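Work through the exercises below on charged side-chain pairs. Each task is followed by a solution in steps.

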Amino acid sequence: MTAEELARAIAASGVRDTAQVAEAARAVAGWLARAPADEVAEGLAAAAEPAAALHQLARLLPAAEAPPAPGRVAPLLRLLGGSAALAGSLVAEGAAWPALVAAVLEVPARGPDVQRAALAAAGGSGLLSRAELQAALRRHRRRELVRIGGRDLLGLASVEDTVRELSALAEGVIDAAVASVRARLAAEWGEALVPGEGRPAAFVVLGMGKLGGEELNYSSDVDLVYVYECDGEQAAGRTLGQFFSRLAEEVTRALGEVTGDGLVFRVDLRLRPGGGEGPVAVSLPAALSYYEAWGQTWERAAWLKARRVGGDRALGERIVAELVPFVYRRYLDFGTIEDLKAMKRRVDAALGAPGAARDVKLGRGGIREVEFFVQAQQLVHGGKDARLRMRSTLGALAALAATGYVERALAAELAAAYRFLRDVEHKLQIVQGQRTQLVPSDPDALLALARRLGFRGAEAVAEFEAARARHGAVVQGAFAALFHGAEEERRREAEPELALLIDELDQAQLALWRLGQLGFRDLESAYRELRLLRDGPPHAPASARRRAALVRLAPALLTEIARSAAPERALHHLATFVSTIGARTSYLHLLLENPGVMRLLVRLFATSEFLSAFFLRHPELLDSLVRADLMRIVRAREDMAAELGARLAAAPDLEARLDTLRRFRHEEFLRIGVHDIEGTLEPAEVGRQLTSLAETCLAAALAIARGEVLARSGVPDAPESEGLAVLGLGTLGGGELAYASDLDLIFVYDPGDPAWWSGRAVPHEFFTRIAERTISALATPTREGIAYRIDTRLRPSGNQGPLVSSLAAFATYHRTGARLWERQALIKARVVAGAPALGARLEAIVAEFVYGRGLHPAEVAAIGDMRARIERERGAADGEAVNIKTGRGGLVDVEFLVQMLQLRHGHAHPAVRVRDTPGAIGALAAAGLLPPADARALAEGYAFLRALESRLRLEHNQPLEVTAADAAALLSLARRLGYGGTEAEAVAALRADHMRHGEAIRAVYDRHFAVPAR
């Protein structure tokens, strides 16, 4: 192929000056003639700068004239045309350059350990002079950059691969430098020993920033912090501080001093305690003391990525662990957003206008904005959620998406943008090995960059710029929404005159007048609540910072309160909330930065006494309202179990596991309640969601309990020791759990082969301990409260019987001694946790007991008598108050009637063996055992009463009664149930519907209990 033919062959790839390529080809015509023509054309068509590739080839050939083997010509030309710096490194290798090209293609990755081994093999370890060490490190870095950069240019490595490889190279050379310098210093000064112990004192190099996150670029500084174990005197009058400061200085020179071979990495020590004014190396106690007393938000952000990259691993792990409480605050830390905003403003100011739009790192929509977006949310949420404690930006972004703090679609777009921007940064720096992140304005340089990134053809530059604009817009939008969106939304929604209320509180009459204008009825009470909101309670008066936050929040907050369904109630609960949180300004910052959460909180306080009371007992749950996955209306049990399992796995001890279990339950309970008051969950789905949550927590508690008992008893983890099943009864068994429901449980075990237990444990005692610990795991108060109250009175023989029953004893009891009410109770029995095989056998025994025969007339009468006794004892009304559960025509009427019909007909009609009441009504009707009109009356009445019961609990924290005297409560209830018209009309319609359903239910009940059993 002639030079002209070659130029024509590559023209289609978007090369502009083919004449220049032809001219350069003439200088290496002999080599090109011997190389495969198709590979030459392929390599130059893909090279960023084809003419430059041929010029670099001309420099390379004197050392090794023969073309590489087939398959390696195109990669060589792409590499030479992509980076003058890498081409220069190949030239510097002389005749050995083909081996370096082979490494590019054949060695996919080297971790830190391999890097250290390669350095040792090349003479870069042990006791070396400064010059010898510097030469060895620089030679190794030069060769490795050819391999790493070459794979990047050829598309053989992803962005993640490249940054990981560069970070592993840095870690390898740093660790080698520490070992070599320490050996030299020990030979000169004597080894540094811990006073009184005689062992070498530990010294560690911590990598911060991109090195810590394993995301270095080609021209990154390495941000290092040098820490040694302790202070103390040494022989010859030196201190450990002097020894390790000298060690740190020598390591810094080994890496960063410019010699005839260049440098390894520039070293930046400004992230150390005290910054540029602090000692080069600091003792562990001094470092911890510094961060406790003086640590700033920017230092917390720096330590997000800290990890050991050289020296003693145990010391590195220790300091990182010790600083976790400094980096990740236990409370929700939205105040961090303000600090990071200030940091970003300083970056923008330093950047200035010229070139800002072309800066892929610091410009708008650039790499730094992605990093700020991720780090801000790690700092805000990471104290509460350890799953976010990831060092790499992409890893942390994935964790934020997986845990619901960032929407998955946005996280995926940001990850793609970050990879693109980092790739652009790499392709800018690899050309000459220089620190730059500016997209060139020169047309030829811009085309070369686009081609280096893989854009080809006549539109390469346009396509690159379109991609940059698209990714930049995603980043800029996400950054603006996080850092500025809340402020703009508050300003847009607020009524400015409401801000005057806060200022006018010291003028009582004016404030009272304004409250009256806003529609408040109890003006004095509202005034007191507002003073409490602004000033804080007497025992915890508001700080200047909190008052400043409240002044900024007040217009939007008071606007939302004034618009709510019950302003007085919302204001009262909000003031109580502020009193409860005391001096924790972080909660106010959360509301400042999350207007949606603020609105939701006000609606919750205005519409639900029950959830308000729950929330005020657990104000720390405010952060769970921030999570994007709160918007998931329905969660499958498997999804809940996976998340709880992951959280429990991260808990370090039993106390933490119990707190984790409770916190998860509270968060999910609040999620369900919020969707209920928002009207996005139907009452039946509320019951199913609460049931799934209870089953998830119960299964986790059983696993925790079994693990603890196994550990204490020494019994092996084997199938025999798994033989415990848990029956759920009542609303849990029926899948209709309510907000205030206890969990009705029965524990049954099967020990399997008695010989297996010989010498190990008594099975009954073993499984009793598991049951006791399961109950304790759910019901014992911890600092997070309780998860559930447990009721085991439905077990065989009730409170007089043992807590657990063997399968055989359970079967015998129900075959010989169980009473009718126990048969009725077991209609809803369902295995909700434990061994599946045992569960299947247990449910078969229950089915035989419940449905093995029908009912005698006397038994039907006995069920009716039991219902009548409940109505007399617990269903009485006071005036016009009505008990919607146990009163006449109430929920118990429906349940007793349905259960009686199931017991009467279930032995002959298996289809009616349904645990939930609505399902059972449908099954009885489908089997022809309940007339359609009766089934409709029962189904509609039951749905009405359950909705009424749920809304009473939510709105007024009342479990059962509607009180006629409280007209406001009835009106609120009617409105939430969808009744329109005037206030009087809505209340009258609610009363009429309740009476109608109650009478219809009682009429059906009376008819069927009057029919003799067959």
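Buried means under 20% relative accessible area, exposed means over 50%, and partly exposed lies in between. The model is predicted.

**Exercise 1.** Classify E822 and R819 by relative accessibility, and state how their side chains meet.

Solution. Step 1: E822 has 3% relative accessibility, which is under 20%, so E822 is buried. Step 2: R819 has 48%, so R819 counts as partly exposed. Step 3: the two side chains form a salt bridge, with 3.8 Å from N to O.

**Exercise 2.** Describe the salt bridge between R199 and E229, and locate both partners in the chain.

Solution. Step 1: the N to O distance is 2.5 Å, and the cut-off for a salt bridge is within 4 Å. Step 2: R199 sits in the loop between α11 (159-189) and β1 (203-207), while E229 sits in the loop between β2 (222-228) and α13 (240-256). Step 3: the partners are 30 residues apart, and the pair links distant parts of the chain. Step 4: R199 is partly exposed at 33% relative accessibility, whereas E229, at 16%, is buried.

**Exercise 3.** Which parts of the chain does the pair R946 and E736 tie together?

Solution. Step 1: a salt bridge of 3.8 Å, N to O, joins the side chains of R946 and E736. Step 2: R946 belongs to helix α44 (residues 932-956) and E736 to the loop between α35 (730-733) and β7 (743-749), so the pair ties together parts 210 residues apart in sequence. Step 3: both R946 and E736 are buried.

**Exercise 4.** How many salt bridges does the count come to?

Solution. The count comes to 66 salt bridges.

Terms used:
Residues numbered from 1 in each chain as written. Predicted model: local features only at pLDDT ≥ 70, side-chain atom pairs only at ≥ 80, totals over all residues. Heavy atoms only, no water. Helix = DSSP H or I, 4+ residues; strand = E, 2+ residues; numbered from the N terminus. Buried < 20%, exposed > 50% of the residue type's maximum accessible area, 1.4 Å probe, protein only.
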